[in-house]
Amino acid sequence: MESNKFVVGLWDHEEVYLHAIGHIRKKGIAIYESLTPFPVHGLENALGYRDTRLHTTAFIFGATGTTLALTFMTWVMTYNYPLNVGGKPYWPLPSFIPITFELTVLFSAWGMTLTYLVRNKLWPGRVPRIFDKRTTDDRFALVFDAEQLTEAQKNEIKSLCTSEGAVEVKDKVFAENEGL
Amino acid sequence: MKETFEFTAKLKRTLFYMMGAGVVGILILLLYPHNQHARLWSNILACTYYFTGIGLFGMFAVSAGQIAYGSWQTLEKRIFLSLSSFARIGGFMLAGILILGVLGVHNLYEHVHTITHSPVTPETTTKMIYFAPAFWIGRVLVYATLWCIFSIVLNNFFARTDQTDPKVYKRSKLLCAAFIVVFAVTESAISWDMIMSLDTGWYSTLFGWYNFASYGCAAWAMTILLVIYLKSKGYLERVNENHVHDLGKLLFGFSIFWSYLWFDQFMLQWFANIPEETSFWVKRFGTGYFKFTIFLALAINFLFPLLFLMKRGAKRNFKVVGFAAAMLIVGHYIDFFNYTFVESGWNKEAVEAKKKEALKGSEKVVLYAQAAEEKKGTTTDATPAKENTAAVASEVKEAKKGEAEGGEEAEKPELTFSGIGIAEMLVFTGFLGVFLFMFFNNLAKRPIIPENDPYLKENEKLEVIYS
């Protein structure tokens with residue numbers, strides 16, 4: 001169940017923004033989303049994100065490609081339709097290696113890309129939820145999930161953001177299932 | 001915080017012991033009852049070439065970083081530059097090996113023999129112009145002089161106190177660009193002159209590149225080990241796991257690059273099956289030991305870093321990355337061993353005896369002689385030599401054995417030696433001692449960290465986030 005009510009704080013400077021994230025997390029307030037116009041150095045540490053596991057997917061997809069290429073070529077060249085090519089053996093491993101390499105790279109690249117897109121819900125036709133259009137221009141946004149919060153808690157977050165240097169704090173409410 | 005490296009008497013003594021081990025190794029080879037001359041000179045050639053390459057790559061790493069506005073290597077700059085101190089004498093040692101070869105002290109280079117003793121065959125005609133002794137030794141001397149000059153000039157230049165001055169900075173870029181040009185030419189050419197020419201008939205068009213990758217792996221590995229050593233002694237306080245991570249990534253990348261070139265070279269020659277190219281591989285895969293060392297080198301230099309260094313944690317852990325670096329230094333020595341030792345392992349006297357025997361007219365050997373004549377395109381009517389009957393008899397046996405093994409093998413006498421023995425390890429240790437002595441000696445002259453470098457502040461804050 002996705003939330004529909006949010007509190008959005010907007011900053012105009014990355015350093016202030018990074019410090020604010022540290023202070024807000026120390027208060028025990030969960031941050032739903034962080035949106036910046038460019039990659040901010042050290043942001044993932046400040047947000048306490050775990051290391052990405054995309055490498056592991058790359059390895060798994062790559063290993064799949066290697067296995068598939070080797071088994072398929074072995075099946076074709078050695079068992080199904082053995083051909084004598086230039087007097088080379090029926091299982092010419094060295095000439096399989098370039099294709100195996102290519103397929104490994106292809107599988108891991110495509111696998112990583114697709115995993116990334118699916119994980120970030122970036123499939124075609126999806127309408128994204130936009131918290132503030134200026135996050136692609138000059139504003140750094142912190143989004144808090146306000147579905148379960150009382151009015152008092154919301155106000156507390158808002159005043160905290162303002163005291164941490166937010167230039168603007170606002171409520172953002174989406175219609176049911178709008179842009180999911 | 002200690003700023004300038006102190007070359008302690010204890011360390012000096014350790015390095016002298018290592019050099020002593022090298023001398024013992026050379027003495028073993030000199031005094032060994034059999035003809036071990038080729039083995040001795042192969043050892044010296046492989047080690048000199050290897051450590052000269054590491055030194056050259058040290059200068060290259062600094063130059064490439066400098067012209068690319070790089071900041072990642074600033075704290076290790078003096079280490080890279082100090083690696084090059086061996087290249088100051090290494091080039092001249094290589095030229096010395098060639099001079100001794102032309103003078104007939106050793107027989108590593110087959111084509112010297114061809115020039116002086118037998119008519120030039122069509123397949124080597126153009127090569128013989130390139131390998132005319134004066135031109136050959138002359139150009140190696142030119143490379144050696146250039147390396148020596150650049151090593152001294154770069155070391156002095158990066159010790160200047162006014163490096164933040166834009167004019168001086170610009171001049172440093174020019175200097176580094178000049179070195180890259182010199183390096184690109186001399187590095188390829190020295191690999192042809194010293195290693196590829198060991199097998200006169202063999203061509204490999206990516207050999208310069210391949211050697212570059214080998215130097216690269218060895219130089220990154222050596223730098224990692226030296227950084228870890230210096231940190232353990234309390235120097236280089238500002239170097240942390242981020243810097244080692246960068247070096248580890250380069251080590252990993254160059255290992256994969258090396259494997260790519262190794263496989264390229266092998267696969268194309270395996271597939272094309274051109275005689276003068278395949279003879280190179282027949283010599284290696286034909287002898288059991290070298291087949292083993294070839295695959296050993298491939299396992300250490302490719303599979304080991306691929307599986308061991310891929311994870312982020314491995315590159316940031318000093319113990320793990322240090323172990324990998326040490327393995328790769330040995331692995332790339334084994335690689336050069338494969339190139340040098342097989343080619344120079346043929347027994348010179350056995351070659352002569354076999355030639356004489358070939359003309360005697362025994363059934364098996366007639367075939368050999370015919371094959372040799374067809375290959376050389378010449379006929380010789382010499383009288384059979386009667387002396388040294390026992391040796392000749394053994395040669396016949398070997399010729400027959402060779403015949404049974406395969407055509408290419410039959411034309412070559414047996415190897416006089418094979419394998420990495422205690423002598424190889426001792427000589428390698430000795431050269432490592434000389435290399436490290438020159439390294440530490442150079443490092444102790446100036447502060448380790450280049451305080452005046454414009455990129456120092458940026459490098460101190462280096463943070464490696466990905467991979």
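## Domains of chain A

How many Å apart do the C-alpha centres of domain 1 of chain A and domain 2 of chain A lie? In this predicted model, the two centres are 46 Å apart. Domain 1 of chain A is made of two stretches of sequence, 5–49 and 139–173, while domain 2 of chain A covers residues 54–119.

## Nonpolar cores

In soluble globular proteins, nonpolar side chains tend to be buried together. The largest nonpolar core here has 110 residues, and within this core B:Ala221 and B:Leu251 are the residues with the most contacts. The greatest contribution to this core comes from helix H2 of chain B, residues 37–67, which supplies 17 residues.

If neighbours within four places in sequence are left aside, B:Leu251 is in contact with B:Ala221 itself, and also with B:Cys217, B:Trp220, B:Ile224, B:Pro305, B:Leu309, B:Ala325 and B:Leu328. There is also a second, separate core of 18 residues, and A:Val7, A:Ala20, A:Ile21 and A:Ala146 are among them.

## A residue in helix H1 of chain A

A:Leu18 belongs to helix H1 of chain A, which runs over residues 14–26. Is A:Leu18 buried or partly exposed? A:Leu18 counts as partly exposed because it has 18 C-beta neighbours inside 10 Å, whereas a buried residue needs 20 or more.

When residues up to four places away in sequence are not counted, A:Leu18 touches A:Val40, A:Gly42, A:Leu43 and A:Ala46. A:Leu18 and A:Leu160, which are 142 residues apart in sequence, lie 14 Å apart in space, taken from C-alpha to C-alpha.

Methods: Residues numbered from 1 in each chain as written. Chains lettered and ligands numbered in written order. Predicted model: local features only at pLDDT ≥ 70, side-chain atom pairs only at ≥ 80, totals over all residues. Domains from an automatic or database assignment. Core = buried A, V, L, I, M, F, W, Y, C linked by C-beta atoms within 7 Å. Buried ≥ 20, exposed ≤ 12 C-beta atoms within 10 Å, placed from the backbone. Helix = DSSP H or I, 4+ residues; strand = E, 2+ residues; numbered from the N terminus. Contact = placed C-beta atoms within 7 Å.
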